[in-house]
Structures are given as structure tokens and as C-alpha cells.
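Let's look at a protein together and work out a few things from its structure. Have a look at the picture, then follow the questions below.

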Amino acid sequence: ATRDLATAQSLEDGFVKGVEALVAVLGPKRSLVRLAMTEAASSSDINTMLARIHEAFVAMLSAEIRRLHERGRIEDVDVDATAWALVGAVNLQIQRWAVWEAIDTPELEAALRRTARALTPIVKSKQKTKSPRKADA
């Protein structure tokens with residue numbers, strides 16, 4: 001996923017690549033994901049594993065947000081809060097898929113893309129302002 005994000009041309013492209021990578025990894029492991037999500041509260045080992053996965057996901061997103069800011073592609077934001085917000089939203093969609101079985105795998109991918117698009121305005125792209133055109137006389 002990190003390699004995929006490194007080739008992203010924009011924030012939106014990064015979300016698309018991230019969603020594709022996430023669904024490719026999780027899709028075939030729905031039962032395992034369900035077990036991990038439902039047993040985390042009763043198993044310190046599983047809880048620790050999920051915490052590390054979430055922290056790694058946040059670190060990856062934070063690095064990408066910082067990289068885009070350094071390149072002048074996005075406005076300055078609270079990087080950690082934004083990354084955790086994105087991870088939280090993704091986690092809930094994964095729970096809908098794995099635990100509640102409310103959506104299937106293709107719907108998970110679509111839901112994750114919609115979630116990414118919904119949250120993209122949090123990290124605003126810098127737009128180059130054009131000088132107003134003078135009216136022709």
C-alpha cells in the first residue's frame with residue numbers, strides 16, 4: 001500500500017489506490033477480519049495487533065498527507081487528527097462488511113471510495129488562483 005500511495009498523483013488518486021490495496025488484502029480474509037474485530041476486546045494479543053495495524057495505517061496516511069503538503073499540493077491541516085478520522089471511517093466500513101455482513105466485497109470497495117470522497121474536503125487541495133480576465137473593450 002505504501003508503494004501504491006507513493007505513485008499517487010493527487011490526494012484523490014491516493015485514496016483510490018489505497019482502497020484498491022486494502023480490498024485486495026482484506027477481501028479474501030473476511031472471516032479472519034470478523035474474528036479479529038469481534039475478539040479484540042477479549043484478547044490482549046488481538047487487541048495489540050489491531051492497535052498496531054491502525055497505528056501503521058495512520059502513520060502511512062500521515063506521511064502521505066505531509067508529503068502532499070510539502071509538495072504544495074494541499075493546505076496545512078492537523079495531520080494526525082485527519083489520519084485518525086480517515087482510519088476511523090474506514091474501520092467502520094470494514095465493520096459493516098466483516099462483522100455485520102451488511103455489504104459484500106464489491107460494496108465494501110464502493111463504500112470505501114465514497115467515504116474517501118466524502119472526507120477529501122478535509123484536506124483541501126491548493127488551487128492556483130487565476131487573475132481575473134479583463135473585459136474586452
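Reader: Which elements each supply at least two residues of the lining of the largest pocket?

Author: Keep in mind that this is a predicted model. Running through the helices, the ones that each give at least two lining residues to the largest pocket are α2 (11–26), α3 (30–39), α4 (44–70), α5 (79–98) and α6 (105–119).

Reader: How many helices and strands are there in the protein?

Author: Going from the N terminus, the elements read α-α-α-α-α-α. That leaves a count of zero strands and six helices.

Reader: Back to the pocket: which element gives the largest share of the lining?

Author: The lining of the largest pocket is made up of 37 residues, and the ones nearest the centre are Leu22, Leu26, Phe57, Val90 and Ile94. The space in this pocket comes to about 800 Å³. With 10 residues, the largest share of the lining belongs to α4.

Reader: Which residues touch the most other members of the largest nonpolar core?

Author: Here's a general idea to start with: nonpolar side chains tend to be buried together in soluble globular proteins. The largest nonpolar core has 14 residues, and those touching the most other members are Phe15, Leu61, Ile65 and Leu86. The elements that put two or more residues into this core are α2, α4, α5 and α6. Another core, of 12 residues, lies apart from it, and its members include Val19, Leu26, Ile103 and Ala111.

Reader: What does Leu61 touch, not counting residues up to four places away in sequence?

Author: Leu61 is one of the core residues that touch the most other members. Skip the residues up to four places away in sequence, and what Leu61 touches is Ala83, Leu86 and Val87.

Reader: Is Val16 buried, partly exposed or exposed?

Author: First find Val16 in helix α2. Buried means under 20% relative accessible area and exposed means over 50%. Val16 has 29%, so it counts as partly exposed.

Reader: Where is Arg34, and which residues is Arg34 in contact with, leaving aside neighbours within four places in sequence?

Author: Arg34 belongs to helix α3, and its relative accessible area of 23% makes it partly exposed. Arg96 sits 62 residues away in sequence, yet the C-alpha to C-alpha distance between Arg34 and Arg96 is 9.9 Å. Leaving aside neighbours within four places, the contacts of Arg34 are Ala98, Val99 and Glu101.

Reader: What is the phi of Glu101?

Author: You'll find Glu101 in the loop between α5 and α6, where it is partly exposed at 48% relative accessibility. Most residues other than glycine have a negative phi. Glu101 is not a glycine, and still it has a positive phi of about 50°.

Reader: Zooming out, what share of the residues of the protein count as buried?

Author: The protein exposes about 8,800 Å², with 55% of that supplied by carbon and sulfur atoms. Among contacts with a separation of 6 or more, 63% join residues 24 or more positions apart. Of the 137 residues, the share that counts as buried is 31%.

Methods:
Residues are numbered from 1 along each chain as its sequence is written. This is a predicted model: local features need pLDDT of at least 70, side-chain atom pairs count only at pLDDT 80 or more; totals for chains, interfaces and linings use all residues. Side-chain values use heavy atoms; hydrogens and water are left out. On a 1 Å grid over the protein atoms alone, a cavity is a set of points where a 1.4 Å probe fits but cannot get out, and a pocket is an open set with protein on both sides within 12 Å along at least five of seven lines; lining residues have an atom within 4 Å of a point. Grid points are joined across faces, edges and corners, and a volume is the space filled by probe spheres set on the points. A nonpolar core is a set of buried Ala, Val, Leu, Ile, Met, Phe, Trp, Tyr and Cys residues joined through side-chain atoms within 4.5 Å. Buried means under 20% relative accessible area, exposed over 50%, partly exposed in between (1.4 Å probe, protein chains only). Contact means heavy atoms within 4.5 Å. Accessible areas come from the Shrake-Rupley method with a 1.4 Å probe; for residues, only the protein chains shown count as cover.
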